Amino acid sequence: MVAQTLYDKIWDSHVVADRGNGEHLIYVDRHLVQEVSSPQAFAALDQDGRKVRCPEAHIAVADHAVPTLRGDRPFAEGLAFSQVERLKENAAKHGIAYMPMDGERHGIVHVIGPELGFTLPGVVLVCGDSHTCTHGAFGCIAFGIGASECTSIFATQTLRQRKQKTMRVNLEGGLPDGVTVKDVILALIAEIGTGGGVGYALEYAGSTVRELSMAARMTLCNMSIEAGSRVGVVAPDEKTFAYLEGRPLAPSGDAWKQAMAAWSDLHSDADAVFDREVTFNTADLAPQVSWGTTPEHTCAVTGQVPDPEREADQNSKSRLRKSLAYMGLEPGTAIRDIPVDRVFVGSCTNGRLEDLRAAAQVLSGRKVADSVKAIAVPGSAAVKIAAEREGLHEIFLSAGFEWRDAGCSMCVAMNDDRLAEGERCASTSNRNFEGRQGKGGRTHLMSPPMAAAAAVTGKITDVRELL
Amino acid sequence: MEKFTTVKSVAAPLLENAIDTDVIFPARFLLLLDREGLGRYAFSERRNGPEPFVLDTPPYDTAKILVTGENFGTGSSREQAVWTIADLGIRCVIARSFGEIFFANCFKNGVLPVRLGGDDMAAVERAAEAAEEITIDLEAQSIRLSSGREIRFDIEPNLKRLLLLGLDEVGMILAEDGDAIKAFEARRKADQPWMSIGIEKLHALAEEQDKNG
Ligand code: SF4
């Protein structure tokens, strides 16, 4: 047997047909369906009079545009409301399970997939959303797709795809105090660039990764797309299996035993050859903060806003100037002196229980600065319930945070949670593109404890000073 | 889908680099539910900007071909970027390079993306700016300029066939590999029984919370 990478093993086991020219027809085991990217896919299906081939392969949930102030409030009519209604109708019509917004299984697609045990090692999982790479934390091939591809999954359960090249990212050295996996992935993107992973499926390996919890591995894989990779995987291990065992949709009884036996082969062979390999030492990492308008515009919290004039070529000079103008930042400004107006803790990157715990630890006994408006948005209803059971909501509320219902919220600003023009936000989400959190809004990406620290002091702060 | 054979039209010159998906189809329109009629939101910011926009300027307002620069369609995976262009009546985009996902999405929507470089691209740009009619012949993989010059372009055979026959991808997959899919599913059921969740289990889960919530 030729030595194989984990990605190759999963891929090869899903090839239905070889179409030539490097194109394969691959089988898709799991599909998550959300409101914003699915209506046209269903419409195309209906238009051709086609049926959903395998209803049990899909779960539908509304997350992107739902309001996060719910309780007894009615969902105001409008485009977002219509989208959610349409999703419900489409799911009902095609026999797909829909997780209602007011239920305990609701949440961001990439948070509930693993929570429910829908996400499993060794599967191919897709969703009409680029952060589908999150699920790779479980040792599966998971990637974002477009609307036509969603139609193809509904009707055929397959996709025509080309295999990616492979890159192993070895993270070694463990994490110092006050530093999280979010800092690792931000620093990695700053190093290899937002184009660094284009065309590659990443496999995260090394001592730092083995130590990470499942939540942290999800944060890591989540931002693979920000490094240009549609796919990021971590080989499953005891932590993976312990996380999944007993989840509502995970196999149980004999099926669990069979699955475990098959999953034991889900790792890259010792002598497998990757197309590219990078090693990154995480032992001396400082907390990271983005200062620009792409995730690679990131540096240590102890650093400064860079000077465009130091850039070698004209192109990058002008891009950097444009970026700093948008961000309203002067070259040479200490990152730690940048004041913030808003703080957002949430998203599929950092909206899990352990993220909320890490933020609450910093907030405990402290108050949000008067100048700051802060919201905490759990990634799912289950996360919210678990957090409340531990009393985390009281810490957030007494610090002066708002405590919301689950959804994408200010990560994508498709509901009412958004920045006003010129407002600056310390955010635990994953993208700092122009306008991402609202037209003219300015985003600084960071970890949950760092965002909590910024909330308390009213400016970007090295959380290590507050621990 | 409409078959792509030959297209004869003036070509609208939008000679800029890195026109991204936000320029082509701004994110705020993503809440719209339909894919028909999206053409009116294409290049929204540009069309409502201070300068007249090329696709609103005769004779280019009826152009079926768009000529642009490097990295056209870079940015997000939103397929609306192709739908909006197709809805305007554009059947072919000629560029120096494309965003990866946009390029793939074109074929799924009956739009032919053509990559050209060097002197060939320069000739096409000149023809576009002079509002000369050009002819795209997909079967022959050629672009004919009114000067008589003929430019060859590359296209993968599978994708060419998709466009020529006006096949949607679903139809093609089912026709060519329907049996292979069935065989794969049978094998999977036998070898990996844990893969199947059971639709009842899923619906029970969705309903269980209905009661609670
Ligand atoms: S939280 Fe943000 S990144 Fe994640 S699925 Fe929602 S919009 Fe996308």
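UniProt positions are given here in the numbering used for this structure, feature names are shortened, and annotations may be inferred rather than shown by experiment. What you have open is a predicted model, in which local features need pLDDT of at least 70 and side-chain atom pairs count only at pLDDT 80 or more, while totals for chains, interfaces and linings use all residues. Residues are numbered from 1 along each chain as its sequence is written, chains are lettered from A and ligands numbered from 1 in the order in which they are written, and side-chain values use heavy atoms, with hydrogens and water left out.

**First stop: the ligand**

Select C348(A), C408(A) and C411(A), which an unreviewed UniProt entry lists under "binding site". Although these residues are spread over 64 residues of sequence, they cluster in space, with a largest C-alpha distance of 8.7 Å.

Now select the ligand and the residues with a heavy atom within 4 Å of it; among them are H64(A), H110(A), D129(A), S347(A), C348(A), C408(A), C411(A) and R436(A). This shell divides into five nonpolar, five polar and two charged residues, where Ala, Val, Leu, Ile, Met, Phe, Trp, Tyr, Cys and Pro count as nonpolar, Asp, Glu, Lys and Arg as charged, and the others, Gly among them, as polar. Domain 1 (6-276) and domain 2 (288-465) of chain A each give at least three residues to the shell, the bounds coming from an automatic or database domain assignment.

S347(A) has a positive phi of about 85 degrees although it is not a glycine.

**Second stop: a sheet in chain A**

Select the five strands of the open sheet, ordered β17-β16-β15-β18-β19 (chain A) with parallel pairing, where two strands pair if DSSP finds at least two bridges between them. Its edge strands, β17 (402-403) and β19 (442-445) of chain A, each pair on one side only. Strand β18 (residues 424-427) of chain A joins β19(A) in the parallel sense over four bridges, and C425(A) stands opposite T443(A) in β19(A).

In chain B, select domain 1 (6-165) and then domain 2 (169-211), whose centres, taken over C-alpha atoms, are separated by 37 Å. Finish at the peptide bond from P58(B) to P59(B), which is cis, with omega near 0 degrees; P59(B) lies in the loop between α2 (44-47) and β2 (65-68) of chain B.

Definitions and conventions:
Helix = DSSP H or I, 4+ residues; strand = E, 2+ residues; numbered from the N terminus.
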